[in-house]
Amino acid sequence: MNFLMALEKEIVTFPGLGWKFTVDNVCVDIGGLKVYWYGVLIALAVGLGIALGLKQCRRFGVTPDLLTDYMLLSIPMAFVGARLYYVFCEWDTYYVKGNFKETLSGIINVRGGGLAIYGGVLGAILAIFLMCKIRKVPMATILDFAIVYIPLGQAIGRWGNFFNQEAFGTTTTLPWGMKSTTIARYLSLNCPTLNSDLPVHPTFFYESVADLAIFASLLAVRDKSKKPWTTTSAYFILYGIARFFIEGLRTDSLYIGNTNLRISQVLSLVLVVIGLLLIALTRAFGWEKEPIPERFIKADQDMQAEAKRKAEQRLREYEEEEDVEDRVERLAKASFTEEDIEEAERLADEESDEDSDDEESEDKDSDEDSDDEESEDKDSDEDSKEEEKSE
């Protein structure tokens, strides 16, 4: 992964499609401090999930304040879980016998790469469990609401693998196969049975598309579900199935010890089983959705009322400082519809055109009068000259 993080600019081609890209995994370089696209995309994914969650939470009985409490704990724990999961699976790479300081330094060096999504999901779920115990809130209610945004974040984050040229699959003859120098070098070093001159499956793209489809499906499930754990179970089942098959194509899978069992495939099957089990238990025991405790709803309503009161107070203060004419104009504009405003503008334009025509007509009449006066003056001069001659 250290080798991948150092690639920076790279030529990536899709021979079957005739596409060619120059990819730089560094988003911006600030005085030698390089900010990678991987980190930027993860931040974007987290930010978008937070924004959507805060916007939609009240519709599902969750208050923004309560959701913020969960995010403050679950987001850091998701990153810690993703890192620890990867380090645990690659312990031989990080462990330096007899040198605890160097081992710890390698573990916390996240800029060197090494995050696993399953560890992130487990870390976030553990954080939600702990916060539910502390706040005495039903876990299914929070998890069913929040888990919808996980596949959206995964779909965005997977494009970081494209910029890093990692998380690709085995060689393929399909038209959308991908090639690059980094990929060929990786295959020649780690996959001697594969032809490094051939394109590979863009498995990061497969998972990104699958995650977007899962996100859309979970939105529909969350809207219609009437039982607890339904949305959570749907995520476990759908993502577990998608990841199981995509993981089978990847060349960088983590394995259980010296076996041929891929850890992510095993966990995918476990997730599917857990999802099916939750659905079965919900039906067997007749579990019902539990609402958020009333104290959180009441606190949120009081906060909204206070915010409205302050907004009205600021408006009154503004009105007191306003001139009478400005206030009348503002209130008049506020009472107009867009159609009224458009009609008024049209009439104003027509009046302006009419005024302009009248002015042109007046100017023309004025010019004609001046011509008449000049003609009269000319005739008068000629008459006076004739009288002088006759004398």
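A patch is made of residues with over 30% relative accessible area and no salt bridge, where like charges are joined within 9 Å and nonpolar side chains (Val, Leu, Ile, Met, Phe, Trp, Tyr) within 5 Å. Accessible areas come from the Shrake-Rupley method with a 1.4 Å probe, and for residues only the protein chains shown count as cover. A salt bridge is a side-chain nitrogen of Lys or Arg within 4 Å of a carboxyl oxygen of Asp or Glu.

The model is predicted: local features need pLDDT of at least 70 and side-chain atom pairs pLDDT 80 or more, while totals for chains, interfaces and linings use all residues. Residues are numbered from 1 along each chain as its sequence is written, and side-chain values use heavy atoms, without hydrogens and water.

Leu 17, Trp 19, Phe 21, Leu 174 and Trp 176 make up a nonpolar surface patch with about 470 Å² of accessible area together. Phe 21 lies in strand β2.

Helices (H or I, at least four residues) and strands (E, at least two) are DSSP runs numbered from the N terminus. Strands pair if DSSP finds at least two bridges between them. The open sheet has 3 strands in the order β2-β1-β5, with antiparallel pairing. β2 and β5 each have a single partner strand, so one side of each is left without a neighbour in the sheet. Strand β1 is joined to β5 by 2 bridges, and Thr 13 stands opposite Lys 179 in β5.

| Element | Residues |
|---|---|
| β1 | 9–14 |
| β2 | 19–24 |
| β5 | 179–180 |

Helix α13 (residues 263–285) reaches 32 Å from its first C-alpha to its last. Just after α13, Gly 286 has a positive phi of about 65°.

Note on methods
Expected span 1.5 Å × (residues − 1).
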